[in-house]
Amino acid sequence: MDFNLENPLGNFHDLPSEALPSLFLIESDHIPPPNYCQTLKASDFDISVRRNVVSLISQLSCTFDPVLPYLAINYLDRFLANQGILQPKPWANKLLAVSCFSLAAKMLKAEYSATDVQVLLNHGDGGVIFETQTVQRMEGIILGALQWRMRSITPFSFIPFFVNLFRLKDPAFRQVLKDRASEIILKSQREIKVLEFKPSVVAASALLYASHELFPFQYPCFLGAISDCSYVNKETVVQCYNVIEDIAREEYESVLNVNSTSDTPVNVLDEHFLSLESEKTNGVIQEQEFKRRKITDYGNKRTVPFSHFHQC
């Protein structure tokens, strides 16, 4: 049975509606325990180790689908929550990263060469290349710690359920909402604060934030749909939404800072034209502003007529 993050149990989409609570009931078995985040926060060293291994997994996965590192980091967090830091040494971090990556790649049936991907970690420093047997032994340790629960239930598992609550008529709008929410989920995994929330809550919060960006006029309807859902706690969703909002704000600020400090031809031209604004006519200024708006974040330009939605 093929594994898919959106449908981890293989037959979930075929279950009757009365069986839906089963996924919500068992999701806690596929995430670190509630005290994991607090344990990380209590130790700068543990946070540093996690950050380092996450970075290594990202380097290993740079040419693969982003869901692969997401699954690998899920394995990492569940393993660290169960076993802690085995060896506080750089080679141990690399072995853990390679093994989590390897397990995720096998689950997703991604073709890879263990030797080739390790070269990415050793570029410029001549680091060690782990033998296949060494990686396999570490995989066995991870599998034991995770109790062989490799078909992880993640926020992606709940996206179809919550999107259906929004009652979007147009498949294109459903897809763009799912894509933006998925992007938010992928980027939020590095933030340890998100680990405090169940996957279903992260999914609901990411979809709400995406809907606020893409369909601001319909956002109250979406918020009402989530609030009326008996499977998630409204207050917890609000808390998670605030964390995701902070992550997104940092992302936007980072992009703005890069753009404002880059000495590129575009920025040089922008400065030149800005200096001439006082000499332009109102018509030219309006045309320039229209062109600027065309390249702004797509989330600010997708206002959808109510005809594309069911009424709240």
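Colleague: What makes Phe101 count as buried or exposed?

Modeller: This is a predicted model, so the values are computed from it. Phe101 has a relative accessible area of 0%. Buried means under 20%. Phe101 is therefore buried.

Colleague: And Phe162, buried or exposed?

Modeller: The relative accessible area of Phe162 is 0%. That is under 20%, so Phe162 is buried. Phe24 stands at 8% relative accessibility, and the cut-off is under 20%, so Phe24 counts as buried too.

Colleague: Why are Phe64 and Phe101 called an edge-to-face pair?

Modeller: Rings pair if their centres lie within 6.5 Å, and planes over 60 degrees apart count as edge-to-face. Phe64 and Phe101 have 5.4 Å centre to centre and 70 degrees between the planes.

Colleague: Which parts does the pair of Phe64 and Phe101 tie together?

Modeller: Phe64 lies in the loop between α3 (44-60) and α4, and Phe101 lies in helix α5. The parts tied together are 37 residues apart in sequence.

Colleague: How many aromatic pairs does a search of the whole structure find?

Modeller: The search finds 13 aromatic pairs. One of them joins Phe24 and Phe162, at 6.3 Å centre to centre with 85 degrees between the planes. The distance is within 6.5 Å and the angle is over 60 degrees, so this pair is edge-to-face. Phe24 lies in helix α1 (residues 21-26) and Phe162 in helix α8, so the pair ties together parts 138 residues apart in sequence.

Colleague: Which residues form one aromatic cluster with Phe24 and Phe162?

Modeller: Phe158, Phe161 and Tyr231 belong to that cluster with them.

Colleague: What makes the phi of Lys109 worth a remark?

Modeller: Lys109 is not a glycine, yet its phi is positive, about 55 degrees. Most residues other than glycine have a negative phi. Lys109 sits in the loop between α5 (90-107) and α6 (114-121). At 61% relative accessibility it is over the 50% cut-off, so Lys109 counts as exposed.

Colleague: And Trp148, buried or exposed?

Modeller: Trp148 has a relative accessible area of 63%. Exposed means over 50%, so Trp148 is exposed. Its phi is positive as well, about 60 degrees, although Trp148 is not a glycine. The residue is in the loop between α7 (132-145) and α8 (159-166).

Colleague: How many cavities of 30 Å³ or more are there?

Modeller: The count is two. A cavity is space where a 1.4 Å probe fits but cannot get out. The largest cavity has a volume of about 200 Å³. Its lining has 17 residues, with Ile31, Tyr70, Asn74, Pro155 and Leu195 nearest the centre.

Colleague: Which element gives the most to the lining of the largest cavity?

Modeller: That is α4, with three residues. By class, the lining holds eleven nonpolar, four polar and two charged residues. Domain 1 (1-8 + 27-153) and domain 2 (154-258) each contribute at least three residues to the lining of the largest cavity.

Colleague: What lines the second largest cavity?

Modeller: Among its lining residues are Arg180, Ile184, Lys187 and Glu251. Two or more residues come from each of α9 and α12 (234-261). The second largest cavity holds about 50 Å³ of space. Its lining has four nonpolar, one polar and three charged residues. Arg, Lys and Glu count as charged, so Arg180, Lys187 and Glu251 fall in that class.

Key. Residues numbered from 1 in each chain as written. Predicted model: local features only at pLDDT ≥ 70, side-chain atom pairs only at ≥ 80, totals over all residues. Heavy atoms only, no water. 1 Å grid on protein atoms, 1.4 Å probe; cavity = no way out; pocket = protein on both sides within 12 Å on 5 of 7 lines; lining within 4 Å. Points joined across faces, edges and corners; volume = space filled by probe spheres on them. Helix = DSSP H or I, 4+ residues; strand = E, 2+ residues; numbered from the N terminus. Domains from an automatic or database assignment. Buried < 20%, exposed > 50% of the residue type's maximum accessible area, 1.4 Å probe, protein only. Phe/Tyr/Trp six-rings, centres within 6.5 Å; stacked < 30°, edge-to-face > 60°.
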